[in-house]
Amino acid sequence: MTSIPMADGLILGGILFALGLVGLLLRRNLLLVLVSIEIMLNGAGVAFVAAGSRWGQADGQVMFLFILAAAAAEVSVGLALLLTYFHRRQTLDADSVNEMRG
Amino acid sequence: MTNLMEIAFFAAGAVAVIATVLAITRLVAVHALLYLIVSLLAVAVVFFTMGAPLVAALEVIIYAGAIVVLFVFVVMMLNLGAQAHEIERKWLAGRAWIGPVILSALLLAEVIYLIVRAPASATISSISTPKQIGLALYGPYLLGVELASMLLLGALVGACHLGRASKSRREARQ
């Protein structure tokens, strides 16, 4: 049997979430902004699984499956939008998106 | 055995954090994606050591296997030039990173303080079998599964529509 402290699992999830937040604020490439959102969702998933395993319930892992579904949906729509934008402007710079008018 | 699992947890957690730091600081998108794969595989090991083997397998199959492959395909289609790297280098080299890092570090410090201050030092010592997860998924969480299926259907239709729209616009331009 394993005996990992739950606090360490939660802290790992928090560190991953914070790193994703830094990437989200820092990067100017829209593709890497989407990657940072994936990292944040992954960190939240780590916290869910750690807390679920603490009480021996499957609920945390069920929540991770829902996060997985949300991440897949978000990435597919996000990448389709990104491709559409790139075909219009030939750039992925987030600072140039404010020129869009409808 | 217990000791081994703990060592595996901390080693995989360290690998995940280091790979994530490298992923968010790479200039070239493909390098960042490869480090993201390393990070996701390390998180899968973390899930396994926390007694969640099904979730560990799904992390490898869906995150590292499907979502990151989607990103890699998009990078191949976009063919970003040196200009994009130059913009990223300008942002990463300047002072722009100080603000986000300080704000995120403050929030993280607060979260860690709250977690460490909690009285009971509980340990994870249970393993959830796929059977338990399946029973929970199609029992109390059935409505959530239905909603997730609707969300995925909506994402499919949306991505399909956006892809077709950009394609027809390109053809009209030519």
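## The elements of chain A

Helices, which are DSSP runs of at least four residues, and strands, which are DSSP runs of at least two, are numbered from the N terminus. In this predicted model, chain A contains 3 helices and 1 strand, and from the N terminus on these elements follow the order β-α-α-α.

Helix 1 of chain A is made of 21 residues and reaches 30 Å from its first C-alpha to its last, which is close to the 30 Å expected at 1.5 Å a residue. This helix is mostly covered, since 17 of its 21 residues are buried. Helix 3 of chain A has 31 residues and reaches 44 Å between its first and last C-alpha, close to the 45 Å expected at 1.5 Å a residue. Just after helix 3 of chain A comes A:Gln90, a residue that takes a positive phi of about 60°.

## The overall form of chain A

The C-alpha trace of chain A spans about 55 × 25 × 20 Å along its principal axes. Its radius of gyration is 17 Å, whereas a compact globule of 102 residues would have a value near 13 Å.

Of the 102 residues of chain A, 56% count as buried.

## The elements and domains of chain B

Chain B has 7 helices and 1 strand, and reading along the sequence gives the pattern α-α-α-α-α-β-α-α. The radius of gyration of chain B is 21 Å, well over the 16 Å that the globule rule gives for 174 residues, so chain B is more spread out than a compact globule. Along its principal axes, the C-alpha trace of chain B spans about 65 × 45 × 30 Å.

Chain B is divided into two parts, with domain 1 covering residues 2-129 and domain 2 covering residues 141-174. The C-alpha centres of domain 1 of chain B and domain 2 of chain B lie 27 Å apart. Of the 174 residues of chain B, 25% count as buried, and among the contacts in chain B with a separation of 6 or more, 59% are between residues 24 or more positions apart.

## Where the two chains meet

The contact between the chains takes 62 residues from chain A and 75 residues from chain B. On the side of chain A that touches chain B, the elements that give two or more residues are strand 1 (4-5), helix 1 (6-26), helix 2 (30-54) and helix 3 (59-89) of chain A. Helix 3 of chain A provides the largest share of this side, namely 23 residues. Sorted by class, the side of chain A that touches chain B has 43 nonpolar, 14 polar and 5 charged residues.

Note on methods: Residues are numbered from 1 along each chain as its sequence is written. Chains are lettered from A and ligands numbered from 1 in the order in which they are written. This is a predicted model: local features need pLDDT of at least 70, side-chain atom pairs count only at pLDDT 80 or more; totals for chains, interfaces and linings use all residues. Domain bounds come from an automatic or database domain assignment. Two residues are in contact if their C-beta atoms, placed from the backbone, lie within 7 Å. Ala, Val, Leu, Ile, Met, Phe, Trp, Tyr, Cys and Pro count as nonpolar, Asp, Glu, Lys and Arg as charged, and the others, Gly among them, as polar. The radius of gyration is taken over C-alpha atoms; the globule rule is 2.2 Å times the number of residues to the power 0.38. A residue is buried if 20 or more other C-beta atoms lie within 10 Å of its own, exposed if 12 or fewer, and partly exposed in between; C-beta atoms are placed from the backbone. The expected span of a helix is 1.5 Å times one less than its number of residues.
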